[in-house]
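Morning, everyone. I'll take one structure today and go through it quickly. Please have a look at it first.

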Amino acid sequence: MQNGQLRAVTLFIAGLMGLFGVISAAAASHGADPRLLGGASAMCLAHAPALIALYAAWPVMRTAAIAALLLSTGTALFAADLTARHFLGQGLFPMSAPAGGVLMMLGWLSVAAGAFFMRKDA
(Lines give C-alpha, C1' and ligand atoms only; values in the text may rest on other atoms or scores of the structure.)
Protein backbone atom coordinates (compact mmCIF):
# COMPACT_ATOMS: atom_id res chain seq x y z
CA MET A 1 0.00 0.00 0.00
CA GLN A 2 1.38 3.39 -0.95
CA ASN A 3 1.79 6.22 1.54
CA GLY A 4 -1.12 8.25 0.12
CA GLN A 5 -3.42 5.24 0.26
CA LEU A 6 -2.39 4.49 3.83
CA ARG A 7 -3.11 8.09 4.76
CA ALA A 8 -6.61 7.87 3.28
CA VAL A 9 -7.22 4.53 5.03
CA THR A 10 -6.21 6.17 8.32
CA LEU A 11 -8.99 8.74 7.95
CA PHE A 12 -11.47 6.01 6.99
CA ILE A 13 -10.52 3.95 10.07
CA ALA A 14 -10.88 7.04 12.26
CA GLY A 15 -14.43 7.45 11.00
CA LEU A 16 -15.25 3.80 11.64
CA MET A 17 -13.75 3.98 15.14
CA GLY A 18 -15.81 7.04 15.93
CA LEU A 19 -18.92 5.28 14.65
CA PHE A 20 -18.21 2.14 16.68
CA GLY A 21 -17.43 4.26 19.73
CA VAL A 22 -20.85 5.89 19.62
CA ILE A 23 -22.65 2.60 18.86
CA SER A 24 -20.90 0.75 21.69
CA ALA A 25 -21.61 3.61 24.11
CA ALA A 26 -25.29 3.43 23.21
CA ALA A 27 -25.32 -0.36 23.56
CA ALA A 28 -23.54 -0.11 26.92
CA SER A 29 -26.21 2.23 28.23
CA HIS A 30 -28.93 -0.34 27.52
CA GLY A 31 -27.21 -3.47 28.83
CA ALA A 32 -27.00 -5.00 32.27
CA ASP A 33 -23.23 -4.55 32.64
CA PRO A 34 -21.80 -1.59 30.69
CA ARG A 35 -18.15 -2.02 31.71
CA LEU A 36 -16.83 -3.97 28.72
CA LEU A 37 -18.68 -2.05 26.02
CA GLY A 38 -17.99 1.20 27.84
CA GLY A 39 -14.27 0.42 27.76
CA ALA A 40 -14.40 -0.43 24.07
CA SER A 41 -16.28 2.79 23.40
CA ALA A 42 -13.79 4.88 25.37
CA MET A 43 -10.80 3.44 23.50
CA CYS A 44 -12.41 4.05 20.10
CA LEU A 45 -13.58 7.56 20.93
CA ALA A 46 -10.15 8.45 22.34
CA HIS A 47 -8.15 7.12 19.40
CA ALA A 48 -10.36 8.21 16.48
CA PRO A 49 -9.39 11.90 16.96
CA ALA A 50 -5.75 10.87 17.35
CA LEU A 51 -5.93 9.20 13.93
CA ILE A 52 -7.48 12.35 12.47
CA ALA A 53 -4.60 14.38 13.95
CA LEU A 54 -2.09 11.95 12.44
CA TYR A 55 -3.85 12.30 9.07
CA ALA A 56 -3.40 16.08 9.36
CA ALA A 57 0.25 15.81 10.48
CA TRP A 58 1.14 13.22 7.82
CA PRO A 59 2.97 15.63 5.47
CA VAL A 60 5.38 16.82 8.18
CA MET A 61 5.62 13.97 10.70
CA ARG A 62 7.82 11.09 9.60
CA THR A 63 6.37 8.66 12.17
CA ALA A 64 2.72 9.34 11.29
CA ALA A 65 2.29 6.14 9.25
CA ILE A 66 3.72 3.76 11.85
CA ALA A 67 1.87 5.57 14.65
CA ALA A 68 -1.41 5.30 12.73
CA LEU A 69 -0.87 1.60 12.03
CA LEU A 70 -0.03 0.82 15.65
CA LEU A 71 -2.85 2.91 17.12
CA SER A 72 -5.51 1.64 14.74
CA THR A 73 -4.48 -2.02 15.03
CA GLY A 74 -4.11 -1.85 18.80
CA THR A 75 -7.41 -0.05 19.32
CA ALA A 76 -9.29 -2.41 17.02
CA LEU A 77 -7.83 -5.46 18.73
CA PHE A 78 -8.51 -4.13 22.23
CA ALA A 79 -12.07 -2.98 21.46
CA ALA A 80 -12.91 -6.16 19.54
CA ASP A 81 -11.76 -8.30 22.45
CA LEU A 82 -13.90 -6.36 24.95
CA THR A 83 -16.88 -6.49 22.60
CA ALA A 84 -16.48 -10.25 22.09
CA ARG A 85 -16.28 -10.73 25.86
CA HIS A 86 -19.50 -8.75 26.27
CA PHE A 87 -21.55 -10.50 23.58
CA LEU A 88 -19.92 -13.95 23.41
CA GLY A 89 -18.67 -14.42 26.95
CA GLN A 90 -15.08 -14.94 25.78
CA GLY A 91 -12.38 -12.86 24.14
CA LEU A 92 -10.95 -13.13 20.65
CA PHE A 93 -7.91 -15.15 21.73
CA PRO A 94 -5.76 -15.32 24.87
CA MET A 95 -4.00 -12.04 25.61
CA SER A 96 -5.65 -10.18 22.73
CA ALA A 97 -6.66 -7.16 24.85
CA PRO A 98 -3.19 -6.82 26.42
CA ALA A 99 -1.61 -7.19 22.97
CA GLY A 100 -3.87 -4.41 21.70
CA GLY A 101 -2.88 -2.29 24.69
CA VAL A 102 0.82 -2.79 23.98
CA LEU A 103 0.29 -1.81 20.34
CA MET A 104 -1.52 1.35 21.45
CA MET A 105 1.35 2.21 23.80
CA LEU A 106 3.85 1.73 20.96
CA GLY A 107 1.65 3.90 18.76
CA TRP A 108 1.71 6.71 21.31
CA LEU A 109 5.47 6.29 21.63
CA SER A 110 5.68 6.71 17.85
CA VAL A 111 3.64 9.89 18.13
CA ALA A 112 6.07 11.19 20.77
CA ALA A 113 9.05 10.21 18.62
CA GLY A 114 7.51 12.17 15.77
CA ALA A 115 8.50 15.37 17.56
CA PHE A 116 12.11 14.51 16.72
CA PHE A 117 11.48 13.20 13.20
CA MET A 118 9.81 16.06 11.40
CA ARG A 119 10.27 16.65 7.68
CA LYS A 120 12.20 19.85 7.10
CA ASP A 121 11.10 20.20 3.48
CA ALA A 122 7.36 20.19 4.19
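Where does Met95 lie? Met95 sits in the loop between H3 and H4. Before I go on, the ground rules. This is a predicted model, where local features need pLDDT of at least 70, side-chain atom pairs count only at pLDDT 80 or more, and totals for chains, interfaces and linings use all residues. Residues are numbered from 1 along each chain as its sequence is written, and side-chain values use heavy atoms, with hydrogens and water left out. Helices are DSSP runs of H or I, at least four residues, numbered from the N terminus.

The phi of Met95 is near 70°, a positive value in a residue other than glycine. Most residues other than glycine have a negative phi. Met95 is also exposed, at 57% relative accessible area. Exposed means over 50%, buried under 20%, partly exposed in between, with a 1.4 Å probe and protein chains only.

Next, the helix packing. Two packed helices are described by the angle between their axes and the distance between the axes. Axes are lines fitted to C-alpha atoms, for helices over the stretch in contact, and angles run from 0 to 180 degrees between N-to-C directions. H1 and H3 (residues 64-88) pack at about 30°, axes 10 Å apart. So H1 is roughly parallel to H3, a label for angles under 35 degrees. H2 (residues 35-57) and H3 have axes that come within 9 Å and cross at roughly 165°. That makes H2 roughly antiparallel to H3, the label for angles over 145.

Now charges. How many salt bridges does a search of the whole structure find? One. The term means a side-chain nitrogen of Lys or Arg within 4 Å of a carboxyl oxygen of Asp or Glu. Here the side chains of Arg85 and Asp81 meet at 2.7 Å, N to O. They are four residues apart in H3, so about one helical turn separates them. Arg85 is partly exposed, at 37%. Asp81 is buried, at 0%.

Last, the surface. Phe12, Leu16, Leu19 and Ile23 form a nonpolar patch, with about 400 Å² of accessible area together. Leu16 belongs to H1 (residues 3-30) and is partly exposed, at 41%. Patch members have over 30% relative accessible area and no salt bridge; nonpolar side chains (Val, Leu, Ile, Met, Phe, Trp, Tyr) are joined within 5 Å, like charges within 9 Å. Areas are Shrake-Rupley with a 1.4 Å probe, and for residues only the protein chains shown count as cover.

Definitions and conventions: Helix = DSSP H or I, 4+ residues; strand = E, 2+ residues; numbered from the N terminus. Parallel < 35°, antiparallel > 145°, perpendicular 65-115°, else oblique.
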